[in-house]
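Good morning, colleagues. Please look at the sequence and the structure as I show them, and I shall then go through selected features of two chains.

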Amino acid sequence: MRTTDAAHRTMSDLHEAVAPDLLRYFVRRVTSPEDAADLLAESFYVAWRKKSRLPVDANEQRMWMFAIAHNVLRNGMRAARRQAALAAELREALAVSRGDIHDPEAGVRDLVRDALATLPADQAELVRLIHWDGFTLIEAARVMSVKESTARGRYQRARLTLRVSLAESVGDFSAQVTSKVR
Amino acid sequence: MTDDEVDLLLEAGAPVGTSDADALDSGARRLARSMAAEAPGSLRVHRIKMLIGSVVALLLVGGTAATAGPAVLTLFAEPEFADSRTFTIDGRTTSCSITIQVVKDSLVRADDPRARDNIYAAREFLHNIDSATIEPDLSVLSENEREITKDMPEENALIQSVGVQVMDRFYDAGLFRYGVSIEGHLECDDEGTE
């Protein structure tokens with residue numbers, strides 16, 4: 001049985017290890033990257049409150065943190081004042097870094113973002129988890145707290161829809177680029 | 001369009017996010033460390049230790065304080081009000097919880113006796129609210145609260161309605177006074193459909 005100190009250290013180490021990936025997870029999903037700092041802080045806060053439910057297996061722990069992040073994002077942001085203050089430095093860094101972004105692939109990103117927006121929210125999130133965050137379908141299902149079979153069905157439907165909408169969008173996009181070149 | 005082309009587009013379509021990944025990674029880790037230093041577990045242990053000291057001192061003063069001691073300890077150890085509910089809406093089950101805690105207003109001194117008395121009264125009142133007497137009820141939400149929750153899942157609004165009713169009782173009791181600040185937290189965990 002782990003001691004309280006050991007459990008505290010396990011949770012601290014987990015958070016430190018997963019923090020960059022969780023930050024990216026949020027940055028990819030919010031309109032203002034600065035909000036990702038508060039969402040990250042809120043996720044840590046929720047995890048500390050549920051410390052007794054931390055899985056033992058390292059990979060399970062990582063999945064557990066993403067499941068918490070998924071719920072935090074779904075619930076909307078309501079970081080308490082203490083977390084907001086702790087996240088201030090990271091918020092500032094995110095705000096500064098946003099101003100420096102040069103994105104030559106912005107057109108493609110817009111196409112994909114628009115295509116995802118046509119999907120039901122749970123299908124779109126499944127696609128993001130798999131294609132942007134690198135989860136397998138099974139892992140993504142666990143992050144979203146759904147059965148693997150449910151996730152598989154949703155993912156198949158999402159891909160069918162995306163194949164059509166992306167094909168249409170790519171056609172339109174190519175036509176626009178071609179006309180600009182001329 | 002082939003499957004491979006769909007994959008390529010989706011992966012190329014990930015938002016670029018930020019320009020200075022290393023600095024942000026460091027910032028994210030620093031935040032994790034700061035949160036660990038202030039983690040609820042650590043705070044609770046610290047508070048309990050501090051209160052054991054207070055209770056011992058009270059016991060030395062007299063019998064009245066002795067009977068008040070254990071209750072005070074309980075009040076400080078956890079948020080004064082905590083409740084959790086499970087909602088099943090459209091076949092989807094969600095577990096929601098809410099906590100409400102009285103904290104000292106950061107603008108007043110820690111040893112201010114008036115603030116201390118008000119905080120004790122507020123804590124005791126919230127601690128004695130029986131959550132079983134509160135039913136989630138969307139009709140209690142104000143227009144502003146409905147606006148805030150309109151894009152959230154219904155269960156979020158339902159658990160919020162519990163908090164609203166607690167705070168209504170708190171305001172009605174006239175306990176939101178000098179030195180008193182309230183921190184609330186609610187969360188919902190989706191437990192899935194099938």
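Let me begin with a definition: the expected span of a helix is 1.5 Å times one less than its number of residues. Please keep in mind throughout that this is a predicted model.

With that definition, consider helix α6 of chain A, residues 106–117. This helix has 12 residues, and from its first C-alpha to its last it reaches 16 Å, close to the 16 Å expected at 1.5 Å a residue. Which residues of α6(A) are buried? They are A:Leu111, A:Val112, A:Ala115 and A:Leu116. Viewed down the axis of α6(A), these buried residues fall within an arc of 130°, and therefore they line one face of the helix. On the face turned away from that buried side, α6(A) carries the exposed residues A:Ala106 and A:Ala117.

I turn to confidence in chain A. Its mean pLDDT is 80, with 79% of its residues at 70 or more. Among the elements of this chain, helix α7 (residues 121–131) has the highest mean pLDDT, 93, whereas helix α4 (residues 81–86) has the lowest, 56. Over residues 77–82 of chain A, the pLDDT is below 50. In the model, this stretch has 13 contacts beyond near neighbours in sequence. Where pLDDT is low, the predicted coordinates should not be read in detail.

Now to chain B. Chain B contains 7 helices and 3 strands, and along the sequence they follow the pattern α-α-α-α-β-β-α-α-α-β. Of the 194 residues in chain B, 24% are buried. Among contacts in chain B with a separation of 6 or more, 63% involve residues 24 or more positions apart.

Strand β2 of chain B, residues 92–104, pairs with β3(B) in the antiparallel sense over 11 bridges. Within these strands, B:Ser95 stands opposite B:Asp189 in β3(B).

Thank you for your attention.

Conventions. Residues numbered from 1 in each chain as written. Chains lettered and ligands numbered in written order. Predicted model: local features only at pLDDT ≥ 70, side-chain atom pairs only at ≥ 80, totals over all residues. Helix = DSSP H or I, 4+ residues; strand = E, 2+ residues; numbered from the N terminus. Buried ≥ 20, exposed ≤ 12 C-beta atoms within 10 Å, placed from the backbone. Contact = placed C-beta atoms within 7 Å. Pairing = 2+ DSSP bridges. pLDDT = per-residue confidence, 0-100. Arc of directions from axis to C-beta.
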